[in-house]
Amino acid sequence: MNKKLLNIIPAPVTVGTIQLGIGGLYAILLWLTRLRASPKLTSKGKEIVWKVGAYHGSGQLFSMVSLGAGPVSFTHIVKALEPFFSAMISGLVFGKWMKPQVYATLIPVVGGVGYACLKERSFSWLAFWMAMLSNLSFALRAVVSKTGMNHENYIGENMNAVNLFAVVTLTAFVLCIPVAWIVENGLFMDLWAKATATTATATGTTAANELIKAIILSGLFHYLNNEVMYLALSNVHPVTLAVGNTMKRVFIMVASVLVFRNPVSLQAGIGSAIGISGVLLYSLTKQYYENLERSQLVEAAPPAAVKATRKKETSFGKKVRNRGRA
């Protein structure tokens, strides 16, 4: 949908900013109608939200510029490198690195998806660097957002995953407005006038109405997609989320087959199978080493500490049972 919009209105920075605004408006409506509790940020929360908003807004604009500058498949090939960015940044920020064997399983994930998407061979340096910067921005967004979701960092009242993304979207929108104005001042309105200078269609709708509908839907889809991503991030490691985002590119290809009736090549099938196998391998390897680390910690713990832990667990269980009887 984004590529179709940019083919009609090649103003990626402004279109991306408008999409952020639509998502922010959707969040505000939910708060006003009390379908969701409105959040209240602490000073620490405001600091984190401004950082994440900058990363989210820049990642959105970089992605849109990349899509506008080159083929969709090329952008997805480059953005398939996102797990590597997330792995490096999460290691640097949290100071906790996973086993090399776990990182090695990212190779078939990235390689398989890249091979599956490798259909159009046209190369664009602008599309390449914008997609790379998007990877960096979204990796920073995920890692810093994860720090805000930790229980040690209280960032505000009603600040669950969905409300965190809502305030991040609003912040990103505010930050992107001056960027869109500086980079594409007046361009969007000129392109809009040219694109909508048509008469009504046979169904009675005008080009302007169709474009407005497309922009609103793209903004809502973008927001809801990322909201689901934040819900996942609240339960998984940022690298795991990046792996899921990489596999999402395979599902985009499947959706294009169902919607546009595009044929699936042997290359796409092989690449998708490799990527899906890589995701399974990553999950199993990560789980194996996490369980191994836990067992090593238990074995290394002094016997007195183990007994004390078991004693606490036993006393807690007795209290729970006594409360139940009362």
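Which residues form a nonpolar patch on the surface? Select Leu-25, Ile-28, Leu-29 and Leu-32, which together make up this patch and have about 390 Å² of accessible area. Patches consist of residues with over 30% relative accessible area and no salt bridge, like charges being joined within 9 Å and nonpolar side chains (Val, Leu, Ile, Met, Phe, Trp, Tyr) within 5 Å; a salt bridge is a side-chain nitrogen of Lys or Arg within 4 Å of a carboxyl oxygen of Asp or Glu. Accessible areas are computed by the Shrake-Rupley method with a 1.4 Å probe, and for residues only the protein chains shown count as cover.

A note on the model belongs here. This is a predicted model, in which local features need pLDDT of at least 70 and side-chain atom pairs count only at pLDDT 80 or more, whereas totals for chains, interfaces and linings use all residues. Residues are numbered from 1 along each chain as its sequence is written, and side-chain values use heavy atoms, with hydrogens and water left out.

Stay with Leu-32, which lies in helix H2 (residues 12-32); helices (H or I, at least four residues) and strands (E, at least two) are DSSP runs numbered from the N terminus. Leu-32 counts as exposed because its relative accessibility is 66%, where exposed means over 50% relative accessible area, buried under 20%, and partly exposed in between (1.4 Å probe, protein chains only).

Centre the view on Leu-164 and display its contacts (heavy atoms within 4.5 Å): leaving aside residues up to four places away in sequence, Leu-164 touches Val-49, Ser-145, Met-149, Ile-155, Met-159 and Tyr-230.

Now move to Asn-135 in helix H8, which is buried, with a relative accessible area of 0%. Not counting residues up to four places away in sequence, Asn-135 touches Val-78, Lys-79, Leu-81, Glu-82 and Phe-85.

The next stop concerns aromatic rings. Rings of Phe, Tyr and Trp (its six-membered ring) pair if their centres lie within 6.5 Å, with planes under 30 degrees apart counted as stacked, over 60 as edge-to-face and the rest as tilted; by this rule there are four aromatic pairs. Select Tyr-26 and Tyr-223, whose ring centres are 5.4 Å apart and whose planes stand at 65°, so the pair is edge-to-face. Because Tyr-26 lies in helix H2 and Tyr-223 in helix H11, the pair ties together parts that are 197 residues apart in sequence. Tyr-26 is partly exposed at 26% relative accessible area, while Tyr-223 is buried at 1%. Ring pairs link Tyr-26, Phe-165, Tyr-223 and Tyr-230 into a cluster.

Finally, zoom out to the protein chain, which has 14 helices and two strands, and in which 42% of the 326 residues count as buried.
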